[in-house]
Amino acid sequence: MTERVLVGDVGRDLAAVAWDGTPLGPPQGWPQSLRTAVSILLSSRFPMWMAWGPDLTFFCNDAYRRDTLGRKYPWALGRPAGEVWAEIWDDIGPRIDGVLGTGEATWDQGLLLFLERSGYTEETYHTFSYSPLRDDAGAVVGMLCVVTEDTERVIGARRMATLRDLGSDPSAIRTVDEVLTFTSAQIGRNLRDLPFTLTYLVEDGVSRLASATGIDHGLEIAPPAGESVLVDLDGELPTGEWEQPPTQALVVPLLQQGGETFGFMVAGLNRFRALDDGYRGFVELVAGHVTTGIASARSYQAQQHRAEELAELDRAKTAFFSNISHEFRTPLTLIMGPVEDLRARLGAGDADLAVIHRNALRLGKLVNTLLDFSRIEAGRMQARYEPVDLAAATAELASVFRSAIERAGLTLAVDCPPLPEPVHLDRGMWEKVILNLLSNALKFTFAGHVRVTVRAEGGSAVVTIADTGIGVPPDEIPRLFERFHRIEHARSRSNEGSGIGLALVRELVELHGGTIIGDSVLGEGTTFHIRLPFGVDHLPADALVPAGASVTSDADPYVEEVSRWLPTVDTADTGSRPTVLIADDNADMRDYLTRLLESAGHLVQSVPDGLAALEAARRRRPDLIVSDVMMPQMDGLQLVAALRADPRTAGTPVLLLSARAGQEASIEGLEAGADDYLVKPFSSAELLARVRGNLKLARLRNHHARWRSALIDSLQEAFFVSDEDGAIIEMNSTFTDILGYGPEGLPYPPVHPWWPDRDADPEGHRLVEAALAMLLEHSRGSYTIPVRHRDGHRLWVAAAFNQVQDPDTGRRVIVGTFRDVTAEHYAVQRDSTLAALSVRLSQADSVDGALRGVLPVLKDLWRATGVYAVVYTDAGTPTMVATEPRTLPEDRYARLATLRHTPLLTPVADDLTGAGITLEHPDGTMVLWIDMAEKRPFTQQDQTLLALLAGHLGQGLHRIHQIDQQRETALALQRAILGPAQLPTGFEVRYAPATRPLKVGGDWYDTVTLPDNRIGIVVGDCVGHGLEAATVMGQVRSACRALLLQNMDPAATLTALDRFAAQLPGAMCTTVFCGVLDTETGELRYASAGHPPAIVTHRDGATDLLDQGRSRPLGVRGNGERPEASYRVPPRATLLLYTDGLVERRRQALTIGIDRVSALVQHGRSAPLEELATDVMESMAPPAGYDDDVALLLYRHPGPLDLEFPADATRLAPIRSTLRGWLDRSGVDTGTAQNVLVAAGEACANAIEHGHRQVRGLIRLSALVTAHDVRLVITDTGHWLPPRPAENPYRGRGLILIRALMNEVTITTGTTGTVVGMRARIPG
Amino acid sequence: MTTELTFATSERPDGVLVLAVAGEIDMSNAEAFSVALTETHREAGAGSFVVDLTRIGYLDSAGLAVLFRHVEQLELVAAPLLAPVLAIAGLDDITTIKG
């Protein structure tokens, strides 16, 4: 008993408890309720303990022991619960008392309990329920506790919250103090894990308490040497959120990655938790956050400091340049001279040399301009004014720019008519004025023209230079000519320029006593007007020189410079080498950087401005972007901001290059997230080092992101992430490969550009709309939709998606993949349609039938409004087969007619109305037209499919046509070989071949008209069935017929056939019944070659089998002559000839079949022969139809009478005579015969007398007998006048006679005559 | 050519005229039959006369119509073959079937 209850490890230990010493006593004496409770407890895998009895004796199970009890095991077993849980009895005791007192269960979630189970007082959390346990009598005597320990979860969540708060956006923090204030605020909120902290900063070996949480004074603690150190604490210390202070603190160095130590943090530790890996890791992460914050603040400060220094340097640079510019002239000259020599020698094509030359020119120009300024400022400008044809000189200068302006896509208009008098100019200065202005115009003009005009106006010459450029904002116009003033953010071809060009222009114009004003409309253009006085009064007399005395300078520097603003071809490449994107508006700098970085093994792409850089970066994420700060369109700062705002490029490192230090912008750049900052000038080694460093750092930092990107990009399937609104926010390269839309266009909000057009393809559009709805509403799913590639082609994709939570933002996103199933889609469509088409074709038995079957398939396939097939034959009107009953509109019909002449099997799609194709039809050219009222693109795939199907259809039609023809031919042949086209009267035949669709088999019947009222009758059966047997049969039948015609002797005919059969393969063993019947007398001579006996059914129902005259089948050697027999067919008897297929059944004697058919004939002996034949065939047929050929021939003696004679009274007697003879042969008794004669005579007389004859008519009399009656029909076929009964008062008596004499009379009078039918029963 | 029909007139011992007809009577020769019958009737005056149809193999309504014109003074003799027709025509009361 005990053993069964106390199972498991705990059970064994329970068994070992000295139960005698407890109120419960030994287990053998425990009540059943206790046993049950203990048993449940021990068998549960869920942590539980229970208490029972007056002392609340403690029990627990394995799970509880493992999770909660700790060192108290096995001591606790069998002890009073209050003793086991003494340390928390204050908390749980009242709960247990409540349970025992009220019998109601308790529930506590995450209750903090301090347990003494691990050798110290431990902070633990438990979710548990106490429920009452009852004894056998139902009284509450104990409690069961089901418990889950939550300690890990509660503490983990608390720590995570602190780390998360520390990691929240610290972007506004710029100084170390701000960082520490922020981190302290966060750390101070977790006084359980961090009862107090102290942060010390070490500067110059001196520690300084920089911040503290939970404590208001510092502690004497030495800085740690590299690693975290655990120190013991004593004395009065704050307790945090606990009752007791920490006993230990962890001292963590604030160690920046890379080596620098900022200081250290002292973290007072929660004494109620052991310092395990988790706790230690947490404290170190907190310290890491503080470190990172300090590092970024210091870095920020350092950058700011550097930026300030750079600004100061810039200021100094201007002064420096001004001062030493002239010092440059000598070396520049020394450079220019040899360079020009070299260019002359090596040719102008050398790129390096060209760069040197161009930049030397530019430098020279800058130096000269600076010098000009200093000269002007120092009043040392030595102008020399000579009389100049201003119009010609200006036009000439303008023409220097013509090619550059035109290359930029602009037009240059020069309108400089000669002026009335010369203007005194310093040519060199004037050139600077005009070239500066033109250069300026080109720089800021992107479309339109630059116009240069010269006019004389109010005693002055006015030169106007106007452009259609970007214009200048009104508030900037007053400062246009200010030295070093630049209009920020203006879109321009280049950001090169110092901002001194216009200032110099004004100085120069003023030296000429002139004025310059600029006016501009933003967005429309800028115009500069220069007004120069004629004459010399305004000029210093000593500066005047005669014409031609001054030396002109060179326009080269200007032209060379502007040429470089114009676009050149990018070089872009991909590969595994690090890719660097360079953005710089200065082409030389671009080329220089490109060469430099390429030589260092990088793959380089260069673009001229920030916007292009952004696009390039989105398209192909580079490993690093090196960007100039100052650029047109989008500058470096905006570029950085844009890159950082886009999750795809947020991680791409940016190295900013700036020629300008000390600007606010550069600080903003760093704030916006640039990774590094390099000031021009820089050495190539410095740049390469920075590039390398940034690449390395970025690779480390972005390892995870890059791995993810690489993973996603390597997917064979297209991958996308969509936000809650359905906008695509991320994609991989396969996505771009399939749809043509790249990441540069992200995000793609719905309606996505790859959706089928709503108007052109409403159905496709609906499908995609439904798919999007599904995507947004369901947590997972898949769908197949049509989409449109960027290049316009249509494809089908199968997508699957899942909703997930973005771990960073917590927002719901949808992650999906899809693959291009266009080929599969069309393959399935093609296969199923082809299959349907083939089925329809195979079912059709005519060409038109095939078309009627196939067109609906095509209609379904394309969901067309109708499918039309028009066949144009060489002659005659076109014929049409269509799925729709209504006809085509006239214009559509005309369109089809034009298609008729397009090449065969070449689809012609017409987006508005449908698509057509021509194919060969057996009767001519067929135009197949798929009419599409609903707009739906008829894609290339559709066209391919149409061509395929049309080809298939054309072949099918031809095949059917051939089969049709063959069948027609075969049928004609079969009919020809089967039997006589016209049977003699009195015979009825039936034929059922076993093999369909053949109409013939090996069996046959035949009748041969012979002289003297004789008819040869033959029924035969060649071995086998099907076509082969039929061909044999045809020959045997023909031979038999010929032989009968020749000798009119059944036995002789069969004997001759024996010889024939011996020579005809397959004819052996043919069975034949051959007879010659005298239709007057009923005399039948017959012979049978192994054929089943003919059956004769007498009019009284008696049956004779014609089983005489029998011998072997044809070609089978036997003894002697073939016998022949004679039989007289009695009047009104029915003769049945047949083949064995009619009567022979498996596992059944032939006689049974013969008896059956005899009974049928007997039963039907009073029915007309035709009815009887049908009845026999139907009644004898097995349930599944005949499985062998069946031929059947019926004759009733005598054959019917059929007479036709002129409506003339004199013909009545001979007709009567003939009829009397026939009635006699029919065995009709005299009385009945007389009745028939009178009735027939009256009917004929009636026909003759029926009014006045207009044309001599004909009367037809036909009569037939069955076993029991005779039937007559008298028909007059002439045209008769209406009867005039008054003139023939006795005529009515004829009808009375007819009715009285006959058993049944019908008279039908129509417009063409009268038909009288009558029947008389034959008694006996 | 009309259907063959022969006539022979004789007088019975009791003086009653007898017209014996042989052949078949149909619409083609009914007129001839009528002429012969009218002649006999005229010869018979107001007395009865006999038409002997014993050798008539066929008689239809055309012949019956001729007989009806003289029905008040007429007696008929016929073979059984004609009995049904004569009965149907209602002439059986003046007919003697012989043979």
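**Chain B and a helix pair**

A: In chain B, 58% of the contacts with a separation of 6 or more join residues 24 or more positions apart, a contact being two residues whose C-beta atoms, placed from the backbone, lie within 7 Å. It's a predicted model, so local features need pLDDT of at least 70 and side-chain atom pairs count only at pLDDT 80 or more, while totals for chains, interfaces and linings use all residues. Residues are numbered from 1 along each chain as its sequence is written, and chains are lettered from A and ligands numbered from 1 in the order in which they are written.

Chain B has three helices and five strands, running β-β-α-β-α-β-α-β along the sequence. These are DSSP runs numbered from the N terminus: helices are H or I, at least four residues, and strands E, at least two. Of its 99 residues, 43% are buried, meaning 20 or more other C-beta atoms within 10 Å of a residue's own, again placed from the backbone.

Now the helix pair. Helix 1 (residues 30-44) of chain B packs on helix 2 (residues 61-69) of chain B at about 20°, axes 9 Å apart; axes are lines fitted to C-alpha atoms over the stretch in contact, with angles from 0 to 180 degrees between N-to-C directions. The two helices are therefore roughly parallel, the label for angles under 35 degrees. Helix 1 of chain B brings B:Ala30, B:Phe33, B:Ser34 and B:Leu37, and helix 2 of chain B brings B:Ala62, B:Gly63, B:Ala65 and B:Val66.

Note on methods:
Buried ≥ 20, exposed ≤ 12 C-beta atoms within 10 Å, placed from the backbone. Parallel < 35°, antiparallel > 145°, perpendicular 65-115°, else oblique.
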